[in-house]
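Grab a pencil and keep the viewer open while you go through them.

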Amino acid sequence: MSDKERAFYEALRLNAIDKINQSAEQSNRGEQRIRMLAELVKLRQACCNPKLILAETDIPSAKLAELDKLLQDLRTNNHKALIFSQFVGHLKLIKHHLEERGFSYQYLDGSTSQKQRQKSVDAFQQGDGDIFLISLKAGGSGLNWTAADFVIHMDPWWNPAVEDQASDRAHRMGQTR
């Protein structure tokens, strides 16, 4: 994280503590647990990109900057990558970034129809796109992307087996790189 991101995160963290303490006084344990989970998710999103929490912020995402460097290297060396995130909003920010940089890509999230899912996968497998953006839940099983030789997880999932299953979409029979 940059210094600005760290300060933003710390402000969110302190605010979360205040909200949780207030909810402890005003609600039952179940409601308090839900509030804690919501605040944790917000903090996780802030680690991905501050714009996920505050759309109008001018704080740049260090994670997106590092992804950009990696993708430039991958492009230079003719690699194809799968990029997973559990946050659809994060994928959409990355998608916008890819469009600005002129990367060709395919996209899939939970709202993608079954017909479009297969169409996008087939297009990627046949060379249409250097990057495939996928929500972790939508792309974790049943699909194969052997055209990709790199897998990038933009945010860690609470269950590493889910990440492994998603990564395995590229590591299948037919993988040549």
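A residue is called buried when its relative accessible area is under 20%, exposed when over 50%, and partly exposed in between (1.4 Å probe, protein chains only). Before you start, note that this is a predicted model: local features need pLDDT of at least 70, side-chain atom pairs count only at pLDDT 80 or more, and totals for chains, interfaces and linings use all residues. Residues are numbered from 1 along each chain as its sequence is written, and side-chain values use heavy atoms, with hydrogens and water left out.

**Exercise 1. Work out whether E39 is buried or exposed, and find what it touches.**

Step 1: find the residue. E39 sits in helix α2. Helices here are DSSP runs (H or I, at least four residues), strands are runs of E of at least two, and both are numbered from the N terminus.

Step 2: check the cover. E39 has 3% relative accessibility, so it counts as buried.

Step 3: list the partners. Contact means heavy atoms within 4.5 Å. Skip the neighbours within four places in sequence, and E39 is in contact with A16, K19 and I20.

Step 4: look at a residue further along. K63 is 24 residues away from E39 in sequence, and their C-alpha atoms are 21 Å apart.

**Exercise 2. Check the lengths of α1 and α2 against what you'd expect for a helix.**

Step 1: set the rule. The expected span is 1.5 Å times one less than the number of residues.

Step 2: With 24 residues, α1 should span 34 Å, and its end C-alpha atoms are 35 Å apart, so the two agree.

Step 3: look at the start of α2. There, a side-chain oxygen of N28 comes to within 2.8 Å of the backbone nitrogen of E31.

**Exercise 3. Which residues of α1 and α2 are buried, and what do they pack against?**

Step 1: take α1. Its buried residues are E5, F8, L12, A16, I20 and S23, and they pack against α2 and α3.

Step 2: recall the helix geometry. An α-helix has 3.6 residues a turn, so residues three or four places apart point the same way.

Step 3: take α2. Here Q32, E39, L43, Q45, A46 and C48 are buried. Their cover includes α1 (3–26), α3 (62–76) and α4 (88–101).

Step 4: N21 is in α1, and its C-alpha is 8.8 Å from that of Q32, eleven residues away in sequence. N21 is partly exposed because its relative accessibility is 44%.

**Exercise 4. Find where S135 and L143 sit, and say whether they are buried or exposed.**

Step 1: start with S135. It belongs to strand β3 (residues 131–135). S135 has a relative accessible area of 5%, so it is buried.

Step 2: see what is around S135. Beyond four places in sequence, its contacts are F84, S85, V88, L91, L108, D109 and G110.

Step 3: move to L143. This one is in the loop between α6 (136–139) and β4 (150–153). L143 is at 5% relative accessibility and therefore counts as buried.

Step 4: check a distance. L143 and Q118 are 25 residues apart along the chain, with 8.4 Å between their C-alpha atoms.

Notes. Polar contact = N/O pair within 3.5 Å; in protein donor to acceptor, adjacent residues only side chain to side chain.
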